[in-house]
Amino acid sequence: MSALYLLHKPYRMLSQFTDERGRATLAEAIDVPGIYAAGRLDYDSEGLLLLTDDGALIQRISHPRHKQPKTYWVQVEGTPDDDALEALRRGVTLNDGPTRPARVKRLAAPEVAPRDPPIRQRAGIPTRWLELTIDEGRNRQVRRMTAHVGHPTLRLIRVAIGPWRLDGLAPGQWRKETLHAPATPRSRPPGKRAPDTRRRRSRS
């Protein structure tokens with residue numbers, strides 16, 4: 001069996017355990033030794049991050065060839081019309097090539113924790129929420145996609161990766177799930193070793 005940890009990464013926290021520049025890291029939210037993030041989530045994005053000590057599981061979750069769908073709640077500037085949504089569904093061409101079609105729909109404002117600091121909102125310009133699902137993971141892809149159709153992203157929360165969902169986790173909280181499959185031999189992913197002892201902030 002393999003252990004998988006679901007963490008709600010807060011805004012302005014790195015998806016790693018150490019940082020020479022003194023920025024907030026995962027060590028402030030989860031103190032399980034020897035685990036690594038399966039993929040990443042930008043410093044200025046929030047939401048679901050998966051961690052495990054099983055290197056093969058990390059590969060299955062994060063490698064592009066497995067195309068794990070990732071779902072985001074996206075607060076954008078302005079009110080996207082049907083043409084903007086249809087462009088996202090067809091795929092848009094960014095500076096690194098065309099994207100695959102996304103699944104996207106309008107979303108009533110979700111009940112989410114306030115962000116600190118709050119988003120910058122221009123006077124007289126409304127904001128709207130979208131639910132957007134993609135199966136690729138280019139650098140800052142969702143932000144670039146919404147900007148391409150004229151609606152810059154103001155807040156980005158990842159709510160699902162494949163079958164795993166953020167449900168019930170507040171920022172900084174985590175829970176453990178056990179995958180009932182044969183555990184693979186432990187293989188340490190490349191990168192810095194996670195600290196063995198860290199103070200836990202919160203746990204669901």
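This is a predicted model: local features need pLDDT of at least 70, side-chain atom pairs count only at pLDDT 80 or more; totals for chains, interfaces and linings use all residues.
1. Lys 105 comes out partly exposed, at a relative accessible area of 45%. Its side chain meets that of Glu 131 in a salt bridge, 3.7 Å from N to O. What I like here is where the partners sit: Lys 105 belongs to strand 7 (residues 103-107) and Glu 131 to strand 8 (residues 127-134), 26 residues apart, so the pair links distant parts of the chain.

2. Next, have a look at Arg 165 and Asp 167. Their closest N and O atoms are 3.4 Å apart, a salt bridge again. Arg 165 is partly exposed at 33% relative accessibility, and Asp 167 is partly exposed too, at 49%.

3. Is Glu 136 buried or exposed? With 13% relative accessibility it counts as buried, because the cut-off for that is under 20%. The Glu 136 side chain forms a salt bridge with Arg 138, at 3.5 Å from N to O.

4. Now the largest pocket, which holds about 490 Å³ of space. Helix 1 (55-62), strand 4 (70-77), helix 3 (141-148) and strand 9 (153-161) each give two or more residues to its lining. Of the 27 lining residues, Arg 40, Lys 70, Gly 137, Arg 138 and Arg 158 lie nearest the centre.

5. What is that lining made of? It divides into 10 charged, 9 nonpolar and 8 polar residues.

Methods. Residues are numbered from 1 along each chain as its sequence is written. Side-chain values use heavy atoms; hydrogens and water are left out. On a 1 Å grid over the protein atoms alone, a cavity is a set of points where a 1.4 Å probe fits but cannot get out, and a pocket is an open set with protein on both sides within 12 Å along at least five of seven lines; lining residues have an atom within 4 Å of a point. Grid points are joined across faces, edges and corners, and a volume is the space filled by probe spheres set on the points. Helices (H or I, at least four residues) and strands (E, at least two) are DSSP runs, numbered from the N terminus. Ala, Val, Leu, Ile, Met, Phe, Trp, Tyr, Cys and Pro count as nonpolar, Asp, Glu, Lys and Arg as charged, and the others, Gly among them, as polar. A salt bridge is a side-chain nitrogen of Lys or Arg within 4 Å of a carboxyl oxygen of Asp or Glu. Buried means under 20% relative accessible area, exposed over 50%, partly exposed in between (1.4 Å probe, protein chains only).
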